[in-house]
Amino acid sequence: MARRGGGGGEVGVPWLLLLLLLGCCGGGIWPRGRIFAAADTDPNDLNVLNTLFTSLNSPGQLTGWQASGGDPCGQSWKGITCSGSGVTKILLPNLGLSGNLAYNMNNLGSLVELDMSQNSLGGGNQIQYNLPNLKLEKLNLAGNQFGGNLPYSISTMPNLKYLYLNNNQLQGNITDVFSSLYSLSEVDLSSNSLTGDLPQSFTGLSSLKKLNLQNNQFTGSINVLANLPLETLNVANNRFTGWIPSQLKKINSLQTDGNSWSTGPAPPPPPYTAPPPPNRQNSPGQNGDGSSSSGRKSGIGGGGVAGIIISLLVVGAVVAFFLIKRRKRKASMEEHFEQHQPFTSFPSNEVKDMKPIDESTAVDIESLASPASISLKPPPKIERHKSFDDDDFSNKPVAKKSNITPIKATVYSVADLQMATDSFNFDNLVGEGTFGRVYRAQFNDGKVLAIKKLDSTVMSFQSSDDFAELVSNISKLHHPNLNELVGYCMEHGQHLLVYDFHRNGSLHDLLHLSDEYSKPLSWNSRVKIALGSARALEYLHEICSPSIIHKNFKSSNILLDSEFNPHLSDAGLASFIPDAEFQAAEQSEGYTAPEVDMTGQYTLKSDVYSFGVVMLELLTGRRPFDSSRPRSEQSLVRWATPQLHDIDALDRMVDPALKGLYPAKSLSRFADVLALCVQPEPEFRPPMSEVVQALVRLVQRANMTKRMLDGDTSRRPDDQDQDFI
């Protein structure tokens with residue numbers, strides 16, 4: 001090389017290449033020999049941070065951050081701490097950030113601390129439900145603008161020690177998200193608009209030292225806090241009632257002002273308080289009086305034995321008398337129900353479908369709750385409507401009553417709902433489905449809600465307890481993509497449910513009933529609706545315990561809010577009805593899985609099939625069954641599935657309303673996912689968690705921005721496809 005160096009410029013080319021390499025890598029000695037080295041950061045973590053940067057509106061104060069690519073662990077990204085290739089801390093407090101969290105935060109598998117406090121995040125929207133959960137120990141979102149309920153994903157954070165959500169706009173009741181958070185040491189929910197009683201799951205917070213609940217609208221007693229190892233407690237400025245437990249009065253730092261505490265001596269413990277363990281008569285070396293038994297005869301003589309035998313005979317006779325009497329009354333009641341009630345007797349394989357939603361339905365971790373966390377009191381709001389006829393309840397197991405937990409929903413009177421709906425005027429009728437009619441209700445305070453008037457021929461309730469159980473169960477379901485229960489009414493034989501009203505109507509109406517002047521759904525909005533609906537089913541199938549089969553998943557049950565976020569309705573209603581009776585009553589032509597038609601039994605996989613049909617609707621714009629089309633095209637699934645893997649045929653199948661404005665790769669991947677869902681064999685259909693992940697990957701690969709996921713309808717149609725570049 002040296003010998004040839006004195007020649008022409010051609011000989012110096014290798015040196016020039018070396019200089020170029022040194023220049024592009026910063027010159028001099030490059031760090032850790034990383035000219036050709038791969039990025040240090042885990043690709044999943046990098047993808048989340050890229051998405052988060054976009055979700056925060058790409059703020060300039062986040063130095064080093066990028067919307068795509070980069071290496072946060074190898075470079076210097078503001079607020080990011082790594083261990084190895086994993087991001088362990090995101091610390092971005094007090095930076096004036098706006099926007100929201102990333103939709104895929106749960107992919108941060110190594111994150112230990114997330115602190116984005118004292119910003120302007122949320123904008124009144126709910127906290128993203130898919131928060132990091134695997135290793136997270138500290139979550140600090142205090143001093144922002146988050147609204148809605150506490151996200152249920154908090155319940156899936158087994159290592160969480162510090163939770164700060166104070167000074168936001170959180171509202172509604174606290175669901176039982178704390179049942180298994182045994183590591184929690186500090187919780188601050190102060191200065192929000194949280195309402196209702198404290199959840200029973202608080203009793204299991206065995207490590208809790210500090211709890212701030214001040215400046216909310218909590219009601220009821222604070223007895224659930226009595227036995228916690230608290231050192232600091234602030235419950236000031238709420239609506240608590242009752243007495244302050246004596247255990248809490250020993251806390252050094254205790255603030256209770258601004259409530260409606262009862263005065264005078266506290267009442268004795270309630271009757272269901274567990275008594276202290278009894279002394280065992282047969283304990284080794286001990287008699288009942290505690291004296292030693294060694295070297296002594298039994299204290300029971302012959303007369304004592306005779307007395308015990310006589311007592312047992314008397315007790316046995318009394319018990320036998322009442323058992324015979326009860327059996328006769330039970331037989332009489334069963335004969336009456338067989339004559340007058342259409343579904344009091346079920347095949348053994350249908351009993352599980354009658355009422356599969358027990359007190360542990362709302363969130364998966366509730367199944368881990370300790371016995372102490374289960375309320376033993378019937379719902380006070382419902383109790384005043386009971387008939388108080390002993391025969392109504394004499395045949396019901398005691399456990400059934402104790403399983404009905406207090407209902408966290410507003411009680412409406414029939415008069416209130418009649419006034420809001422103009423006596424259920426036909427002009428306010430917005431829909432009619434399997435379970436009854438739905439009316440738009442305008443209240444005096446300006447609030448608009450939806451009233452579902454249950455059809456008594458489909459939803460037959462033998463007693464007020466049955467309806468109370470149904471309301472209690474569905475009131476526990478909380479997810480951003482579910483249409484959650486707001487209230488209920490049970491008067492004069494009426495059974496009504498009150499839900500949020502979504503102004504954009506149902507997906508079915510938007511796809512099939514829009515007129516020529518309506519703006520069609522963009523491809524981005526369709527993907528967004530599919531992903532949100534999939535997450536709702538994933539919650540019902542894999543988060544709720546026991547799992548909830550929707551049975552009635554169809555486009556008319558997917559309601560769209562002003563930003564085209566989907567909200568699945570009727571969740572939990574079909575679980576109250578046996579499969580055979582629901583199949584006879586349902587009105588979901590074209591959505592039912594083939595095995596349901598053959599066996600009459602619904603499963604999680606039959607829901608997956610119905611979801612695939614809705615995806616086909618989103619792709620093609622066609623109805624699941626359309627008798628107006630040629631015979632070979634009437635069934636959407638039969639017509640479409642043979643063509644899903646033919647690119648040319650797939651292009652011809654796409655909804656003409658899209659006018660070709662969709663990315664080819666995204667379309668192909670969308671078709672791949674739905675093809676798996678509508679397979680005729682249920683065992684080959686994927687679980688909803690895999691469907692969600694597949695759709696998330698589709699979004700990631702298409703490099704969707706948060707603006708696209710929010711379904712911005714203000715853009716021109718010509719701009720829609722630019723988001724996928």
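Okay, first the ground rules: we're looking at a predicted model, where local features need pLDDT of at least 70, side-chain atom pairs count only at pLDDT 80 or more, and totals for chains, interfaces and linings use all residues. Residues are numbered from 1 along each chain as its sequence is written, and side-chain values use heavy atoms, with hydrogens and water left out.

C73 is buried at 18% relative accessible area, while C82 is partly exposed at 25%. Buried means under 20%, exposed over 50%, partly exposed in between, using a 1.4 Å probe and protein chains only.

Now the rings. The whole structure has ten aromatic pairs: rings of Phe, Tyr and Trp (its six-membered ring) with centres within 6.5 Å, called stacked if the planes are under 30 degrees apart, edge-to-face over 60, and tilted for the rest. Why is the pair of F53 and W65 tilted? Their planes are at 35°, so tilted it is, with the centres 6.3 Å apart. F53 is buried at 9%, and W65 is buried too, at 6%. By contrast, F218 and F240 are stacked, 6.0 Å centre to centre and 15° between the planes. Back to F53 and W65: together with W77, they form one aromatic cluster.
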